[in-house]
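Hi everyone, thanks for making time this morning. Let me put the chain up on the screen, and then we can walk through it together.

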Amino acid sequence: MADPATPPDGSPAPLSSMKELVDAWMRFRAGEVVPCPNDGASLALSVDASAGVYRFVCTTCGTASSWFESGPTGSVEVRPLAAPPPPPE
Ligand SMILES: [Zn+2]
């Protein structure tokens with residue numbers, strides 16, 4: 001499976017795998033604090049309401065997951081990074 005979130009230096013990006021992302025999302029939905037893989041700070045959920053996608057962003061170091069969609073059952077689908085929602089200006 002291709003992993004578009006892997007940075008050029010070859011080190012795996014935090015929260016880049018579906019397993020990590022689904023696990024973090026399930027824990028977040030359950031009301032748990034999801035720790036940043038880099039520094040253990042809590043991850044905040046960033047929401048792009050117009051696109052209907054979410055991602056986790058570390059409040060301390062800025063580490064961010066891929067954007068993903070979630071259905072009503074908690075299923076997760078990662079959006080291709082080639083077309084991320086543009087940041088609001
Ligand atoms: Zn962090």
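So, what is the mean pLDDT of the chain, and what percentage of its residues reach 70 or more? This is a predicted model, and its mean pLDDT is 81, with 75% of the residues at 70 or more. If we go element by element, strand E1, residues 43-48, has the highest mean at 94, while strand E4, residues 76-78, has the lowest at 83.

Now the layout. You can see one helix and four strands, and along the sequence they read α-β-β-β-β. For contacts between residues at least 6 apart in sequence, 30% join residues at least 24 apart.

Let's go inside. Of the 89 residues in the chain, 18% are buried. The largest nonpolar core has 13 residues, and those touching the most other members are Leu-15, Leu-21, Ala-24, Val-34, Leu-43, Phe-56 and Phe-68. Helix H1 and strand E2, residues 53-58, are the elements that give two or more residues to this core.

Beyond its neighbours within four places in sequence, Val-34 contacts Ala-24, Arg-27, Phe-28, Ser-42, Leu-43 and Phe-56.

Last stop, Met-18, which sits in helix H1, residues 18-29.

Note on methods:
Residues numbered from 1 in each chain as written. Predicted model: local features only at pLDDT ≥ 70, side-chain atom pairs only at ≥ 80, totals over all residues. pLDDT = per-residue confidence, 0-100. Core = buried A, V, L, I, M, F, W, Y, C linked by C-beta atoms within 7 Å. Buried ≥ 20, exposed ≤ 12 C-beta atoms within 10 Å, placed from the backbone. Contact = placed C-beta atoms within 7 Å.
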